[in-house]
Amino acid sequence: MGTPSSGTSKTLRVRIESELCQGHNRCCAVAPELFEADELGNAHVKGDGTVPPALAAKARLAVKNCPEHAVRVAEAD
Amino acid sequence: MSAKKPVSDWATDFDHTDPVWNNDPYPIWDDLRKRCPVAHSERFEDGAFFPSRFADVRDIAYDTEHFSSRRVIVREKKFDPVMPSPPITSDPPEHRPARMPLLPAFNPKAIEKLTPGTRALCNRLIDAFIAEGSCDAATDYAQHIPTRVIANMLGVDEEDGDRYRRWIKLALEEGIHDNAKTMQSLKEMSAYFAEELAKRGNKPGDDLISFMRDQRVDGQPLAPEKVIGTLRLLMIAGIDTTWSAIGASLWHLAKNPQDAARLVANPSLMDTAVEELLRAYAPVTMAREVVKDVTINGCPMKPGAMVLLSFPAANRDPEVFPDANKVLLDRQENRHAAFGLGIHRCVGSNLARMELRVAIEEWLKRIPVFRLEDPSGVTWSEGTVRGPRALRVVF
């Protein structure tokens with residue numbers, strides 16, 4: 001794993017395993033810049049999920065607060 | 001209440017309605033997790049299990065093949081599921097179509113709209129007792145917040161909370177020991193909602209009763225008993241649960257003034273504090289009925305047996321939550337299960353979170369310093385939903 005807050009390493013990207021998401025909406029609350037809920041309350045990433053360096057910590061917090069382990073963060077190429 | 005024989009061993013004879021369990025279940029669960037992580041009891045018809053580890057609770061919540069939701073309360077005598085409350089009592093494949101229509105009414109945007117009204121409500125409640133210098137935080141404050149919010153959403157009289165709470169107490173507490181009381185509650189609620197539906201006729205409306213009436217599945221209206229079943233669920237699930245979470249949180253802050261002071265000094269701490277209070281004092285224990293032979297953590301279970309699904313116990317498992325018995329208002333990693341896991345995730349979780357947050361915020365703005373009047377005078381509800389029911393505080 002890189003050091004996301006340094007801004008010098010690889011870009012992070014978030015995604016949601018939609019078959020695991022049950023609509024707790026914790027990711028939307030923790031990182032509203034990165035996630036949004038649809039009409040049924042299921043969460044989706046905004047845009048293509050690219051995480052601006054300043055939001056790396058929030059992306060990781062979203063992962064750590066999803067009760068269903070549906071939020072994933074990984075380094076983009 | 002009838003005299004019950006005292007519990008000899010929580011591992012083999014547990015009783016989730018015992019006063020010792022109700023008053024302070026956490027040491028019991030800690031002990032069980034170590035020496036018997038799937039406890040058993042013959043006090044309930046066909047036997048009941050009590051898994052206390054997070055992993056076991058999670059596995060059962062995800063396993064709709066072996067565990068059915070047709071019975072979600074462990075009672076002394078099994079209660080025939082003659083009046084289901086979909087979707088909480090539904091299994092796949094009926095579960096999803098019963099749940100989908102409800103979801104838009106409880107999504108984050110819909111709940112955000114209710115926030116200003118809830119703040120105003122909290123302040124009106126505080127206005128009524130603040131000059132006294134004391135109140136019962138459970139009955140003068142916490143209980144009215146979810147009751148009035150859900151009454152307004154349903155489009156029923158918000159002043160009739162005593163009646164709604166009586167139905168819930170009959171169904172969820174007294175009904176554990178006496179099925180006639182459960183039946184009485186279900187019948188009275190059904191008659192009440194039938195009358196509300198009749199009052200509305202076909203008139204359009206933006207309340208949840210009109211909304212459920214107008215639902216169509218494959219172009220067909222829902223059967224009246226399904227509409228009424230879901231309306232009963234919304235009322236039952238919307239009141240005691242959040243009342244308990246608000247009450248337990250205020251109980252914690254009354255006992256731990258340093259935590260109240262931290263929240264007053266740093267309101268942004270509420271983001272994590274609300275989740276931590278939900279983790280530590282999760283009010284709701286659901287249940288499942290075993291429908292196929294299955295083994296959980298080495299413990300064989302036979303069809304017909306009931307299993308308590310204790311999200312509160314799961315949330316105190318030190319294998320998942322370091323310092324599980326400490327309330328850490330700034331806990332960063334918090335995958336708690338207060339609202340359940342899997343397909344039955346509480347439909348009202350966004351609403352409950354909003355109500356809990358607003359209730360604490362508005363309280364602390366007006367009453368930053370308070371304490372329990374008499375710690376031994378605090379009483380707790382029993383069984384399915386745990387929270388303080390008498391909570392005198394002075395300020």
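## Close-up views of a two-chain predicted model

**View 1. Chain A in outline.** Reading from the N terminus, the elements of chain A follow the order β-α-β-β-β-α-β. Keep in mind as you browse that this is a predicted model. In total, chain A has two helices and five strands. The chain is 77 residues long, and 43% of them count as buried.

View 2. Zoom in on E1(A), which spans residues 12-16. Which of its residues form the covered face? They are A:Leu12, A:Val14 and A:Ile16. The uncovered face belongs to A:Arg13 and A:Arg15. If you step along the strand residue by residue, you can follow this pattern from A:Leu12 to A:Ile16.

**View 3. Strand E1 and its partners in chain A.** Here E1(A) is shown with two other strands of the chain, E4(A) and E5(A). Strand E4(A), residues 50-51, runs antiparallel to E1(A) and is joined to it by two bridges. Look for A:Leu12, a residue of the covered face, which stands opposite A:Val51 of E4(A). How many bridges link E1(A) with E5(A), residues 71-75? There are five, and this pairing is antiparallel as well. Within it, A:Val14 has A:Val73 as its bridge partner. A:Val14 also sits on the covered face of E1(A).

**View 4. Where chain A meets chain B.** This close-up turns to the interface, in which 15 residues of chain A are in contact with 19 residues of chain B. What is the chain A side made of? Its residues divide into six nonpolar, six polar and three charged.

**View 5. Chain B, the partner.** Chain B holds 17 helices and 14 strands. Its C-alpha atoms fill a box of roughly 60 × 55 × 40 Å along the principal axes. Why can chain B be called consistent with a compact globule? Because a compact globule of 395 residues would have a radius of gyration near 21 Å, and the 20 Å of chain B agrees with that. Of the 395 residues, 48% are buried.

Definitions and conventions
Residues numbered from 1 in each chain as written. Chains lettered and ligands numbered in written order. Predicted model: local features only at pLDDT ≥ 70, side-chain atom pairs only at ≥ 80, totals over all residues. Contact = placed C-beta atoms within 7 Å. Nonpolar A, V, L, I, M, F, W, Y, C, P; charged D, E, K, R; others polar. Helix = DSSP H or I, 4+ residues; strand = E, 2+ residues; numbered from the N terminus. Rg over C-alpha atoms; globule rule 2.2 N^0.38 Å. Buried ≥ 20, exposed ≤ 12 C-beta atoms within 10 Å, placed from the backbone. Pairing = 2+ DSSP bridges.
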